[in-house]
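Please examine the chain shown below.

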Amino acid sequence: RVLVWPASIIVLGVLGAFIACRRAQGRAQWKGPLVVFLGLSLVFVAWAFLIREQFPSDAVLASLALGSAFIAGASPYLVGPIAQAAAKTKAAQMAVAGLLVWLFAASALYVLIWLTFEHYLMVLGL
């Protein structure tokens, strides 16, 4: 339970920075994250269905599978404008984006698991 506060602050900080740094982004830029979300949703739900006895309910199965797919699809979209504002060169932008995607995704997954079924964090020792 100690890590949920820093993870929540990181998630909210990235979301706030995205709102502050984003430029005019149209619907066309949501096409890539949407495709990633739909593809990963199919894969994660199919995989979770195969091991469904490991989940206490179908609601936990669906929320973890769909939440993980959403985080994976939305992370690059959310971090892109922040990386562009933080760094000038393309290499630096890629480095900043990579670190922020990893940090945001790990924090968001931790919060998702904590909100959905905290027992999984105890099993992992977190």
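Which backbone oxygen lies 2.7 Å from a polar atom of the side chain of S68? The oxygen belongs to L64, and the pair falls under the definition of a polar contact (N or O atoms within 3.5 Å, one able to donate a hydrogen and the other to accept it, with residues adjacent in sequence counting only if both atoms are side-chain atoms).

The model is predicted: local features need pLDDT of at least 70, side-chain atom pairs count only at pLDDT 80 or more, and totals for chains, interfaces and linings use all residues. Residues are numbered from 1 along each chain as its sequence is written, and side-chain values use heavy atoms, without hydrogens or water.

**Overall architecture**

The chain holds five helices and zero strands, where helices (H or I, at least four residues) and strands (E, at least two) are DSSP runs numbered from the N terminus. The order along the sequence is α-α-α-α-α. The C-alpha trace spans about 50 × 35 × 20 Å along its principal axes.

S68 is part of helix α3, residues 58-86. Apart from neighbours within four places in sequence, S68 is in contact (heavy atoms within 4.5 Å) with F44, S63, L109 and L112.

Helix α1 (residues 4-21) and α3 have axes that come within 8 Å and cross at roughly 65°; axes are lines fitted to C-alpha atoms over the stretch in contact, with angles from 0 to 180 degrees between N-to-C directions. On the α1 side, the contact is made by V14, L15, A17, F18 and C21, and on the α3 side by Y77, L78, V79, P81, I82 and A85.

**The largest pocket**

A pocket is an open set of points on a 1 Å grid where a 1.4 Å probe fits, with protein on both sides within 12 Å along at least five of seven lines; lining residues have an atom within 4 Å of a point. The largest pocket contains about 290 Å³ of space. Of its 13 lining residues, W47, F55, L64, I113 and Y120 lie nearest the centre. Two or more lining residues come from each of α2 (31-50), α3, α4 (90-116) and α5 (119-124), and α3 gives the largest share, four residues.

The table sets out residue classes, with Ala, Val, Leu, Ile, Met, Phe, Trp, Tyr, Cys and Pro as nonpolar, Asp, Glu, Lys and Arg as charged, and the others as polar.

| Lining of the largest pocket | 12 residues | one residue | no residues |

Methods:
Points joined across faces, edges and corners; volume = space filled by probe spheres on them.
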